Every structure is written in structure tokens, then in C-alpha cells.
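Hello,

Here is the structure I promised to pass on to you. Please have a look at it first, and then read my notes below.

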2 protein chains.
Amino acid sequence: MKKFVNDPKQFVPEMLQGIALANPDTLKYVPDYNLIMRSDAPNANKVSIVQGSGSGHEPAHVMVVGKGMLDAACPGDVFAAPPMDYVLETTKLVASPKGVLLLVNNYTGDRMAFEMAQEMAEAEDIKVRTLFIDDDVSVQNSTYTVGRRGVAGNFFVMKAVGAAAEEGADLDEVVRIGEKVNSVTRTMGMALTACTPPAKGSPLFELGDDEIEMGVGIHGEPGRRRAKMKPANDIIDEMLEAVVTDLPYESGDRVALMINGLGGTPISELYLLYGRAHRQLADKGITVGRSYVGEYCTSLDMAGASITLVKLDEEIERLLAAPAEIAIRTF
Amino acid sequence: MKKFVNDPKQFVPEMLQGIALANPDTLKYVPDYNLIMRSDAPNANKVSIVQGSGSGHEPAHVMVVGKGMLDAACPGDVFAAPPMDYVLETTKLVASPKGVLLLVNNYTGDRMAFEMAQEMAEAEDIKVRTLFIDDDVSVQNSTYTVGRRGVAGNFFVMKAVGAAAEEGADLDEVVRIGEKVNSVTRTMGMALTACTPPAKGSPLFELGDDEIEMGVGIHGEPGRRRAKMKPANDIIDEMLEAVVTDLPYESGDRVALMINGLGGTPISELYLLYGRAHRQLADKGITVGRSYVGEYCTSLDMAGASITLVKLDEEIERLLAAPAEIAIRTF
């Protein structure tokens with residue numbers, strides 16, 4: 001295994017310590033519950049936003065804690081849901097009189113942890129709601145889900161509810177916005193290579209030298225089909241078609257377009273994919289109003305990419321454009 | 001080869017098209033000279049800043065064009081210096097009465113192209129200066145250089161001169177600042193894996209399953225030594241020691257600390273390295289005033305990282321903190 005790791009069991013805590021040390025004025029790391037939170041949370045004047053999931057998808061979610069985004073992130077170990085009691089403690093730590101919104105990508109393990117935590121938080125009189133994100137069009141039920149998976153589209157839900165909460169929206173309103181963004185967001189991903197979890201030390205699945213996995217999940221779950229390697233344009237065209245026809249996005253629509261790297265793909269290749277997708281959308285009469293190219297939701301060191309579209313209206317576009325101050329914005 | 005590529009000869013132009021399409025209001029792509037420039041350049045009230053180099057180091061330099069950073073970037077093909085006449089045309093396109101500063105990482109091919117372009121631009125009465133960056137402590141002369149190589153530390157030179165130019169500093173002053181930042185900046189990198197240029201289609205050098213290259217160059221040039229794979233802390237400690245003792249950085253100093261990914265390493269691992277480096281510096285009495293974790297200067301899909309330190313004073317810290325608006329800042 002060629003990775004920067006000491007003891008694999010300490011991989012996540014050591015990463016979290018690094019995040020906190022790099023952001024001493026704005027973030028804190030709470031080792032007892034393995035969480036990253038805003039130093040100034042909870043803020044009694046805003047709904048608190050929390051997201052958790054297995055680690056290995058960074059920057060999601062521990063590196064997008066900050067003003068205008070999450071108030072806290074409670075990660076599990078690599079590709080493992082956070083323990084229910086850690087979710088509960090996170091919820092208690094950021095509990096605001098205006099309430100707490102828990103964002104969860106739709107995986108069975110995460111749902112269980114967050115639903116139980118919600119119940120227990122409510123028993124302690126905390127106002128809390130849960131919102132599930134399921135933007136992945138690749139497959140319906142899958143290895144770890146009933147229903148669709150939640151993948152890189154979660155960025156847009158976080159960004160919109162984070163901005164709305166910062167503006168002072170109440171919990172019902174924040175939930176309305178989150179559900180609306182999720183309902184107009186669609187993603188599909190693909191893998192050029194497998195990923196290697198630190199504790200396993202070898203690739204999570206086998207992929208031949210000339211093979212790719214179309215519709216892969218962010219934990220390496222099978223997608224729609226195993227295919228032969230092909231030119232970049234053919235790959236992105238297939239993914240774009242699957243996404244566009246799903247909502248569907250139609251001529252006259254204005255969208256946000258995200259090309260997300262899965263961890264091992266350089267940004268040069270992502271911009272090449274972006275250019276093709278942008279032109280193909282223009283040919284369909286669909287206008288790109290906002291562009292996102294980079295790593296937003298990864299799968300450790302997997303080479304590959306996903307494409308996400310969000311149908312924009314005035315409200316969503318305003319919330320996506322609102323300022324945010326997060327760890328990984330370091331220019 | 002598992003990469004997002006169509007025709008390898010079109011890899012760079014297709015990437016540049018993507019950058020321009022993602023930033024329609026602020027950037028333009030000039031296909032005739034393979035360059036990316038600010039739409040509003042030249043600005044008669046500021047010195048124009050240009051950097052060029054081989055491609056394959058993105059986001060450097062084509063993705064850091066924008067307000068407070070570069071006015072234009074003129075990339076060559078992957079790992080190849082830009083043609084001299086393209087550098088000249090770029091210089092002419094952004095020529096401002098206040099002058100043009102050409103930034104060049106110290107590689108022989110790049111030096112030749114830029115020095116000849118400077119001479120020809122001066123013959124056309126353009127006020128132009130050239131500044132060479134040589135922050136890499138790994139080796140003295142190397143495969144492609146006389147003297148030290150210029151690597152990820154170039155970010156800090158670009159950022160500081162970009163900010164100074166935006167404030168209206170004259171050409172002498174901008175050069176003074178760039179030389180000062182370069183003189184207090186030191187970097188060392190290492191590779192876990194080789195990188196694969198699109199046109200070659202196979203790894204550029206051989207590295208065994210249990211081997212790493214300490215002090216690697218950003219084109220895969222040999223470093224100080226081939227070593228056995230070892231824990232993350234041991235790797236970063238060795239690099240930190242090489243960097244700290246070079247300037248040297250001393251107890252009481254305040255520094256910027258950058259952990260830069262080389263393209264194939266996920267950001268989770270970079271934060272793990274960051275945490276260790278930050279604590280080691282604290283033990284030496286060196287305070288981290290500004291933190292940078294992510295990809296700044298890569299080597300295609302190489303897995304690996306570099307560490308950069310910049311000794312801060314009031315002037316440098318102010319310029320590094322000044323706002324910048326660039327392509328890859330997309331939250």
C-alpha cells in the first residue's frame with residue numbers, strides 16, 4: 001500500500017487533528033466523539049446543520065464545516081457509518097433553539113445511526129429534523145441502500161441549507177429548501193480504478209487494465225455495467241445522457257454543472273471533461289449558470305469522476321452564490 | 001492508460017477550453033497562442049503578471065489566473081516549456097504601461113523561452129522583467145536545471161506579486177517583493193508513485209511496490225535518494241528537517257506551511273501530513289501563521305506530496321492574506 005498512513009486505526013483522528021490545526025480560529029476537533037465543529041457553534045440565531053457519513057469522501061464532510069456550510073460533521077471510520085451515540089452527542093453539542101438539521105446520504109447504515117440519534121435527541125427536547133440525499137441515478141436499490149444512493153450532489157444541498165440557515169431561516173424553511181435542492185439534483189459517477197482503504201491495504205475491488213465501472217458508488221459499489229476503457233468524450237457523454245434524461249433537464253433550463261473528481265484524478269482531466277459536458281449541454285439548449293470543477297465528494301484514491309446537474313431557479317442560485325468560509329478554501 | 005483523454009495532442013487545448021467555459025465572465029482562452037488570460041487584462045493601472053511552464057502541474061498556472069493572481073498563463077504541452085513566440089505574444093497581449101513581470105520556475109527550457117521572449121518584447125518597447133523561482137531544496141543542479149528547481153513554492157511568489165500589483169505597486173517594487181518571497185521560501189517533495197503523461201501512456205519512471213523517491217522533481221526527476229516505504233510521520237519528518245535546516249527557519253519564526261498534493265493523493269492524507277508537520281514545527285518553536293493544504297503544483301497523477309515553508313514578515317503576510325479571485329475557488 002502506497003499511502004500516507006501511520007496506524008490505519010488512527011487515520012481518521014490524525015486527519016481531523018490536521019484539519020483543526022490548520023483552522024485554529026474557526027474549527028475545533030472533539031476527540032471524544034470524533035467530530036469537527038465550528039468554534040462558534042451553536043449560534044442561537046440560526047438552525048445548526050450537521051452532516052455525517054463514513055470517512056474517505058473528503059472534503060465531504062469534515063472539510064466543509066464553516067460559516068455558510070456545516071456547523072459540524074461527525075464522520076465514521078473509513079467507509080463506515082458514524083456510531084449512533086456520536087451522532088447524538090454531535091447533535092447535542094450544536095443544538096440551537098432554532099433546531100438542528102441532520103443531513104444524511106442515503107445509505108442504510110447511516111440512516112440507522114441518524115434516525116436513532118434523532119429519536120434520542122428529541123427525547124432530550126432538542127428540535128431536530130433529518131433530510132436524506134439520494135441524487136445518484138446510476139442504480140435504484142444497491143449494495144448498501146434501499147433506494148438511490150447519495151453522492152456528490154450532497155454538496156449543493158449542504159451549500160443551500162447552510163446559506164439559508166445563515167440568513168436566519170427557520171427549521172421548516174431550511175428543510176423545504178434542502179428537499180427542493182435534492183429533488184432537482186442528479187449525479188452519475190464512474191471509476192477508472194478501484195480505491196484502497198488504509199485498513200485493508202489493497203484495492204477494494206478488481207478492475208482490469210482496460211476496464212471501467214460506469215455508475216460506480218462512492219464506496220466502490222457496482223454501478224450499471226463494467227465497460228471497456230474509451231475516450232474521455234464517450235465516457236462523459238454516457239454519464240451526461242443518463243443524468244439529463246433522469247430528471248429530465250430540458251431545453252431552456254438553467255443548471256449548475258459539477259465535475260467532481262473521485263480522489264486520484266488530476267484536475268487537468270476534470271476540466272477536459274467539464275468542457276465537453278458544457279458544450280453538450282449548450283447543444284441541448286441547457287445553460288450552465290454555475291460551474292464546479294474539483295473534488296467535492298471522493299472515494300479515497302479512486303481515479304474517476306462524477307457529473308452532477310442542479311436545475312436552478314432564482315432562490316437556489318442565490319443560495320449557491322452566498323459566501324461560505326470553509327477549511328479547504330485556502331487561497 | 002486509465003486517464004480521461006481523447007487525442008493526447010489535444011489534451012492541453014481541451015483542458016484550456018474547459019477552464020474558459022467554466023469562467024466565462026472573467027477568463028478567456030486564446031487558442032492561437034494556447035493561453036489563458038483575464039478578460040479585463042491589460043489594466044493600465046497595474047503591472048501585469050504572467051507565468052508559464054509545461055502543463056501537467058495544474059492548478060499551476062492556468063487555473064490561478066484571476067484578480068489578485070496572474071493576468072495570464074502560457075502553458076506548454078505536458079512537461080514541455082511553452083514556445084518562445086507564444087510567451088512573446090502573451091507578453092504583448094497583457095502589456096501594460098506599468099510593465100509586465102514574467103515568473104518562471106527555474107528549468108533550463110523555460111528560462112530559454114522566457115529570456116528570449118523578454119528580449120524580443122523589449123525590442124518592441126514593452127517594459128518587462130523576469131523573475132526565476134528556485135525553492136526546491138532537494139538537489140542542487142538536476143536533470144533539467146542549473147541550480148535549484150522551482151516547484152510548489154511558486155504559489156507564494158505568484159500570490160504576493162499578484163496582490164502587490166493589484167495594489168498598484170510599480171514594476172521595481174513588484175520584483176522586489178517577488179525576490180524577497182522567493183528568498184524565504186523552501187520546498188521538498190517526494191513520490192509514492194510515478195506519473196503517466198497522456199502522450200506516453202505509461203509511467204514516466206519505475207518505482208517498486210515498496211519504494212518511494214525522496215526529493216522527487218515535479219516532472220519525476222530523481223531526488224535525493226530512493227527509499228523503502230515507511231510510515232507517514234517518518235516521511236514528513238524527513239522532508240520537514242531538510243526544509244527547516246536549509247534556510248534555516250528558527251525558533252521564534254512565523255511561517256506559512258503548505259502541504260501540496262502531487263495529483264494522485266487524496267486530501268485526507270494531506271491533512272494527516274499537515275497535522276504532523278504543524279506539531280513538529282511547534283516543537284521547534286516555529287509558529288504557523290498561515291496554512292495551505294491541497295493541490296497547488298502537481299505532477300499529473302503522481303501520488304505524493306511536498307512541503308513548503310515561507311518565513312513571514314508583516315508585508316508578506318498581508319500580501320498572502322489579500323483577496324484573490326481565481327478559477328479553482330469554486331465554493
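Let me begin with a term: a residue is called buried under 20% relative accessible area, exposed over 50%, and partly exposed in between, with a 1.4 Å probe and protein chains only. A:Y86 is partly exposed, at a relative accessible area of 25%.

Some ground rules before we go on. This is a predicted model, in which local features need pLDDT of at least 70 and side-chain atom pairs count only at pLDDT 80 or more, while totals for chains, interfaces and linings use all residues. Residues are numbered from 1 along each chain as its sequence is written, chains are lettered from A and ligands numbered from 1 in the order in which they are written, and side-chain values use heavy atoms, with hydrogens and water left out.

How the two chains are related

Chain A is superposed on chain B by a rotation of 180° with 0.0 Å of shift along the axis, and the RMSD is 0.0 Å. (Superposition is by least squares on the C-alpha atoms of residues with pLDDT of at least 70 in both copies.) The two copies are therefore related as by a two-fold rotation axis. The same surface serves both: 100% of the contact residues of chain A recur in chain B, where contact means heavy atoms within 4.5 Å. Which residue of chain A comes closest to the rotation axis? That is A:G264, with its C-alpha at 2.1 Å.

Aromatic rings

Rings of Phe, Tyr and Trp (its six-membered ring) pair if their centres lie within 6.5 Å; planes under 30 degrees apart are stacked, over 60 edge-to-face, and the rest tilted. Over all chains, a search of the whole structure finds twelve aromatic pairs. (Helices, H or I with at least four residues, and strands, E with at least two, are DSSP runs numbered from the N terminus.) A:Y33 is partly exposed, at 26%. In chain B, B:Y33 and B:Y86 also form an edge-to-face pair, with 5.9 Å between centres and 75° between planes.

A:F155, A:F156, A:Y292 and A:Y296 make up one aromatic cluster. The charged end of A:R111 sits over the ring of A:F132, 3.6 Å from its centre; this label requires NZ of Lys or CZ of Arg within 6 Å of the ring centre and within 35 degrees of the ring normal.

How many of the 17 residues of α7(A) are buried? Twelve are, so the helix is mostly covered. Among the buried ones are A:L270, A:Y274 and A:H278. Their cover includes α6 (232–244), β11 (254–261), β12 (287–294) and β13 (304–311) of chain A, together with α1 (11–22) of chain B. Just after α7(A), A:G285 takes a positive phi of about 80°.

A:S306 lies in strand β13 of chain A and counts as buried at 4% relative accessibility. Leaving aside neighbours within four places in sequence, A:S306 has contacts that include A:A152, A:T187, A:M258 and A:N260.

Happy exploring!
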